[in-house]
Amino acid sequence: MSLATLDRDGPLATITIDSPPLNLFDAALVGELDAAIEDVRNDNPRALLVRAEGRVVSGGVNVAEFEGLTPERGSKLWSDLLALVDRIEALPLPVVFAAHGLTLTAAFELSLACDLIVASESASFGLVEIVVGLTPSMGGPQRLAERAGSGRARQLVMTGDLYDARTLERWNVVNEVVPDGQLGQRATELASRLAHGPTLAHAMTKRILRAYVEGGVPAADRVTRRDAAGLFASEDLKGAVRTFLEKGPGHARFEGR
């Protein structure tokens, strides 16, 4: 049985985590996720939806993975997990994460590597690594700080508490909360809308914002000055400008090139 399947529906790709009963992150699941992300890179969809099957999104990392680890082996584990996060963030397309229930540790950190997080009202999130004497090391604290500020990141990590979707929406961690039972439809609609949009422009937006995270407004301005004008050569921009002038806004059809 595959633990992370990749499906394609037109321009939209979907990765589904399915490792019952708790979708625990272990070497096997991480390996299949890594392979799925590589397939996404090679297949060139125009948006990606990440979701999970089962009662929970994930119960977190399989703690058995930590038993007997030395600092040296632990360092390699963190490097491998952060490499997965880096590959998701580097995808030149919008990535949406759908959370329908409990989303702990590695799964929460994986969601923070995505562009948008959509959650159901009953979803809850937590970085609970303190129960085994760890701090989250798959990029969670810093990406929480990026979205919600360092004070909130400290609160989530140091308390190890669970936080509901509405609270994290208020803190700008979760982008949108929808009623239970509507998550699948809403997340797919949003990801599909992005998949049918101006893909090259979305990729440039991600590059500009990544530069901002790494170097502030000056770095983002440098990327904009250097690279953003290249969009004028894209077929999508040319067609959209032409359609706008002929018919007004809202009539352009984008092809991702």
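Is T199 buried or exposed? At 7% relative accessibility, T199 counts as buried, because the cut-off for that label is under 20% relative accessible area. The model is predicted.

1. **T199 and its surroundings.** T199 belongs to helix α8, which covers residues 199–227. Leaving aside residues up to four places away in sequence, T199 touches R46, P92, D236 and G256.

2. **S150, for contrast.** S150 is located in helix α5, residues 150–159. With a relative accessible area of 41%, S150 is partly exposed; the label applies because this value falls between the 20% limit for buried and the 50% limit for exposed. S150 and P94 are 56 residues apart along the chain, and their C-alpha atoms are separated by 25 Å.

3. **The six-stranded sheet.** How many strands form the open sheet that starts with β1 and ends with β9 in its order? There are 6 strands, in the order β1-β2-β3-β4-β6-β9, and the pairing is mixed. The edges are taken by β1 (4–9) and β9 (176–178); each has a single partner strand, so one side of each has no neighbour in the sheet. On average, and with direction ignored, neighbouring strands of this sheet are turned by 20 degrees against each other.

4. **Pairing around β6.** Strand β6 spans residues 116–120 and pairs with β9 in the parallel sense over 3 bridges. In that pair, S120 stands opposite V178 of β9. β6 also runs parallel to β4, to which it is joined by 4 bridges. Here V96 stands opposite L116 in β6.

5. **The three-stranded sheet.** A second open sheet has 3 strands in the order β5-β7-β8, again with mixed pairing. Its edge strands are β5 (102–104) and β8 (163–164), and each of them pairs on one side only. β5 and β7 (residues 124–126) pair in the parallel sense over 3 bridges. One of the partners can be picked out by name: S124 in β7 is the bridge partner of L102. Helix α3 packs on this sheet, where it touches β5 and β7, and its direction makes about 90 degrees with that of β5.

6. **How covered is α3?** Which residues of α3 are buried? They are T105, A106, A107, F108, E109, L110, S111 and L112. Since 8 of the 8 residues of α3 are buried, the helix is largely enclosed by the rest of the structure.

7. **α3 against α4.** The axes of α3 (residues 105–112) and α4 (residues 140–148) come within 9 Å and cross at roughly 45 degrees. The two helices are therefore oblique to each other. In handedness, α3 passes α4 in a left-handed crossing. On the α3 side the contact is made by F108, E109, S111 and L112, and on the α4 side by G140, P141, R143, L144 and R147. Sorted by class, the contact has 4 nonpolar, 2 polar and 3 charged residues.

8. **α4 against α5.** What angle do the axes of α4 and α5 make where they cross? They cross at roughly 135 degrees, and the axes come within 7 Å. These helices, too, are therefore oblique to each other. α4 passes α5 in a right-handed crossing. The residues in contact are P141, L144, A145 and A148 of α4, with S150, R152, A153, L156 and V157 of α5. The contact of α4 with α5 divides into 7 nonpolar, 1 polar and 1 charged residue.

How values were computed. Residues numbered from 1 in each chain as written. Predicted model: local features only at pLDDT ≥ 70, side-chain atom pairs only at ≥ 80, totals over all residues. Heavy atoms only, no water. Axes fitted to C-alpha atoms, helices over the stretch in contact; angles between N-to-C directions. Parallel < 35°, antiparallel > 145°, perpendicular 65-115°, else oblique. Left-handed = near helix turned anticlockwise from the far one by under 90°. Contact = heavy atoms within 4.5 Å. Nonpolar A, V, L, I, M, F, W, Y, C, P; charged D, E, K, R; others polar. Pairing = 2+ DSSP bridges. Buried < 20%, exposed > 50% of the residue type's maximum accessible area, 1.4 Å probe, protein only.
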